[in-house]
Amino acid sequence: MSIKERAKPRVVCLILGGGKGTRLYPLTKERAKPAVSFGGKYRLVDIPLSNCINSNFRKIYLLTQFNSTSLHMHITNSYNFDRFSGGFVEILAAEQTLENDRFYEGTADSVRKSFQHFKSQNPTHYIILSGDQLYRMDLRSFMESHLQSGAGISIATTVVNRQAASRYGIMKIDDTNRIIEFREKPSPDTDLSAWKIPQEVKASLPSSDKEYLASMGIYIFNAPVLEALLYNTDAKDFGKEVIPNAIGSHIMNAFIFDGYWEDIGTIRSFYDASIQLTDIDPAFNFYDEDEPIYTHMRNLPPSKINRASIYATLTSEGCVITDCMLNRSIIGVRSFIENNSVLEGVIMMGADYYENKIEKERNNELGIPHLGIGRNCSIARTIIDKNARIGNNVRINVNGNRYENGDHGTFYSADGIIVIRKGAIIPDGTVI
């Protein structure tokens with residue numbers, strides 16, 4: 001092995017599957033946050049995985065714990081590298097061992113308890129990513145910035161205004177991008193005037209009224225630094241404990257990312273980020289041949305449109321759409337939409353399977369609607385989870401009814417958005 005080859009960083013990427021995802025409930029009732037369907041045919045986890053693959057960092061571990069079955073199935077069916085590439089996507093579920101019989105207790109704790117698995121790769125650096133964020137980043141540029149800075153830790157940051165600053169970890173930096181202080185989610189009344197981006201740094205950024213640097217929850221650690229920080233403490237979380245505790249004892253660099261980034265942590269943020277995909281020039285664009293977003297290859301037939309008026313809508317493969325109107329909506333795989341139905345601002349996640357003739361006849365006898373949306377329906381500002389059955393003459397979120405945030409049986413309400421549960425049955429004539 002040459003000196004040049006020995007000097008090349010050996011990078012391991014760790015994608016954190018997250019906790020229970022209560023703010024995305026009920027989409028996370030039966031699945032982990034990274035497994036939530038997105039953009040019609042993708043899962044949220046496809047975003048960080050694709051960023052890693054497109055950056056040619058292909059040794060990837062996915063750390064999971066809650067409701068991880070569908071996530072495991074998706075990864076197994078989607079990411080299989082050839083044996084000569086040396087790449088892999090390996091799932092590490094929380095496990096009990098002779099040394100530890102407790103499950104993950106935070107982001108840092110999940111990495112600490114999994115060291116035994118990925119240390120065998122003898123990495124020089126770890127890239128730590130979240131499994132539920134929407135962005136496209138060349139991680140090679142992030143790594144190059146880290147190496148040039150001479151830092152032991154680098155944090156990917158985005159520029160925010162004062163109002164948004166209270167939702168994130170905020171950093172104070174000097175004019176060389178060195179992090180000198182870190183504060184996790186400062187209260188709205190905290191004086192942050194001394195934390196504004198230095199003018200020398202701000203001059204190199206696009207002009208805006210955003211003056212603070214927020215952590216994106218994306219980190220690079222030199223391997224010895226991460227191991228020392230986690231082995232010598234019982235810190236559970238990177239943002240709340242590990243990063244603040246490392247200030248002063250380790251050189252920390254801020255990598256300022258000026259592209260689109262959205263932390264999809266709530267129903268509202270998920271809905272807004274999804275509907276924005278239908279814009280003529282979306283902030284996040286799937287249509288990039290050089291940096292594609294990868295997902296499960298399903299080998300489904302092309303969608304069949306039996307006459308329809310469709311505006312600013314994404315339609316996935318395997319759908320049958322008949323004589324209806326769709327506007328600013330996202331239609332997932334295997335979706336069926338029948339005559340005279342109108343969808344306005346709807347995210348329809350589709351189905352995991354097709355009903356066969358025998359199943360349809362049996363459901364007809366039982367009075368159960370077919371998978372998909374029936375005839376003469378009108379639906380607006382609604383997320384329809386997978387395998388839902390919506391009968392004929394159903395009206396959802398079009399009558400001006402306002403529901404309290406929370407659970408209402410077959411549906412859930414959040415900030416004026418209705419969520420139809422996975423596998424829900426909505427009878428003919430229902431009005432929500």
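Mentor: Ser68 sits in the loop between strand 4 (59-64) and helix 3 (69-78). Ser78, in helix 3, is also buried, at 17%. A polar atom of the Ser78 side chain lies 3.3 Å from the backbone nitrogen of His296.

The model is predicted, with an average pLDDT of 90 for the chain. Over residues 1-6 the pLDDT falls below 50.

The structure holds 15 salt bridges. One of them pairs Asp385 with Arg31, at 3.0 Å from N to O. Asp385 is in the loop between strand 21 (378-384) and strand 22 (389-390), and Arg31 in the loop between strand 1 (11-16) and strand 2 (37-38), so this pair ties together parts 354 residues apart in sequence. Asp385 is buried at 2% relative accessibility, and Arg31 is buried at 5%.

Glu317 and Lys41 form another salt bridge, with their closest N and O atoms 3.8 Å apart. The two lie in loops, Glu317 between strand 15 (314-315) and strand 16 (320-327), Lys41 between strand 2 and strand 3 (42-43), so the parts tied together are 276 residues apart in sequence. Lys41 is partly exposed, at 25%.

In the salt bridge of Glu291 with Arg136, the closest N and O atoms are 3.7 Å apart. This pair ties together parts that are 155 residues apart in sequence. Glu291 is partly exposed at 24%, whereas Arg136 is buried at 18%.

Technical notes. Residues are numbered from 1 along each chain as its sequence is written. This is a predicted model: local features need pLDDT of at least 70, side-chain atom pairs count only at pLDDT 80 or more; totals for chains, interfaces and linings use all residues. Side-chain values use heavy atoms; hydrogens and water are left out. pLDDT is the predictor's confidence in each residue, from 0 to 100. Contact means heavy atoms within 4.5 Å. Helices (H or I, at least four residues) and strands (E, at least two) are DSSP runs, numbered from the N terminus. Buried means under 20% relative accessible area, exposed over 50%, partly exposed in between (1.4 Å probe, protein chains only). A polar contact is a pair of N or O atoms within 3.5 Å; within protein, one must be able to donate a hydrogen and the other to accept it, and residues adjacent in sequence count only if both atoms are side-chain atoms. A salt bridge is a side-chain nitrogen of Lys or Arg within 4 Å of a carboxyl oxygen of Asp or Glu.
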